[in-house]
Amino acid sequence: MTQIAKNTVVQFRYNLSDVEGELIESNHDSDPVAYLHGHGTMIAAIEEALEGKSSGDQLNLTLPPEHAYGARKENAEQRVPIKHLQGLPKGVRSWKPGMVAVVKTEEGIRQVTVVKPGLKMVVIDTNHPLAGQTVKYDIEVVDVRAATDEEIAHGHAHGVGGHHH
């Protein structure tokens, strides 16, 4: 049985909850998440906890803000063109305060929170929506396999739950 180590592709299912146990997110009704271990594409504390684990292993992690989504930064609001926001739920026609959107940045894709929408511009909070919170992850390792040379060269997992070119 393959153990999780650098250059393995890991697939897992998870429940993400707040410290009171309120479910925030789960992927149990969809494909497992797939990532390339040891390449910095996963939250470092999760990657560390998964090191050496195998298919079928389960973990329960409680992560303080500094090991999860970071501390909240003050004055993190930015005004951006509304066309840069992605992720408007199906059937919803416009952005509302408090909605979570996705924005492509120079550092990659980020989740942001809508503060004040307008017709062409929107004020967003650039903090991750879970910044400043202690969170709990319940993780089940579904599969572990050696990464392909192409996945290692690209720096991410391909296929189900991973990146599609």
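**Ground rules**

I am working from a predicted model, in which local features need pLDDT of at least 70, side-chain atom pairs count only at pLDDT 80 or more, and totals for chains, interfaces and linings use all residues. I count residues from 1 along each chain as its sequence is written, and side-chain values use heavy atoms, with hydrogens and water left out.

**Entry 1: salt bridges**

I started with charged pairs, taking a salt bridge as a side-chain nitrogen of Lys or Arg within 4 Å of a carboxyl oxygen of Asp or Glu. How many salt bridges does the structure hold? I found 2.

One of them joins the side chains of Glu151 and Arg145, at 2.7 Å from N to O. Arg145 is partly exposed at 28% relative accessible area, while Glu151 is buried at 2%.

In the other, Arg72 meets Asp125 through their side chains, with 2.4 Å from N to O. This pair ties together distant parts of the chain, 53 residues apart: Arg72 sits in the loop between β4 and β5, and Asp125 in strand β8 (residues 121-125). I noted Arg72 as partly exposed, with 42% relative accessibility, and Asp125 as buried, with 12%. For the element names I rely on DSSP runs numbered from the N terminus: helices are H or I of at least four residues, and strands are E of at least two.

**Entry 2: the open sheet**

Next I traced a sheet, counting two strands as paired if DSSP finds at least two bridges between them. In which order do the strands of the open sheet run? I read 4 strands in the order β5-β8-β7-β6, with antiparallel pairing. β5 (77-81) and β6 (100-105) are the edge strands, each with a single partner, so one side of each has no neighbour in the sheet. Neighbouring strands are turned by 50 degrees against each other on average, direction ignored; the axes here are lines fitted to C-alpha atoms (for helices, over the stretch in contact), and angles run from 0 to 180 degrees between N-to-C directions.

I then looked at β6 with its partner β7 (residues 108-117): 6 bridges join these antiparallel strands. Ala101 stands opposite Val112 of β7. Gly108 also belongs to β7 and is partly exposed at 29% relative accessible area.

**Entry 3: nonpolar cores**

For me a nonpolar core is a set of buried Ala, Val, Leu, Ile, Met, Phe, Trp, Tyr and Cys residues joined through side-chain atoms within 4.5 Å.

The largest core has 22 residues, and those touching the most other members are Phe12, Ile46, Leu50, Leu61, Leu63, Tyr137 and Ile139. β1 (8-18), α1 (44-50), β4 (58-63) and β9 (135-146) each supply at least two residues of this core. Which element gives the most to this core? It is β9, with 5 residues.

I listed the contacts of Tyr137 (heavy atoms within 4.5 Å). Beyond its neighbours within four places in sequence, Tyr137 touches Tyr14, Asn15, Leu16, Ile43, Ile46, Leu59, Asn60, Leu61, Leu63 and Tyr69.

Is Asn27 buried or exposed? I have Asn27 as buried, at 5% relative accessible area, in the loop between β2 (23-26) and β3 (33-36). For polar contacts I used pairs of N or O atoms within 3.5 Å; within protein, one must be able to donate a hydrogen and the other to accept it, and residues adjacent in sequence count only if both atoms are side-chain atoms. The Asn27 side chain reaches the backbone oxygen of Phe12 at 3.3 Å, and one of its polar atoms lies 2.7 Å from the backbone nitrogen of Tyr14.

Asn7, in the segment before β1, has a positive phi of about 70 degrees although it is not a glycine, and is partly exposed at 26%. Asn75, in the loop between β4 and β5, has a positive phi near 55 degrees and is exposed, with 78% relative accessible area.

Technical notes. Buried < 20%, exposed > 50% of the residue type's maximum accessible area, 1.4 Å probe, protein only.
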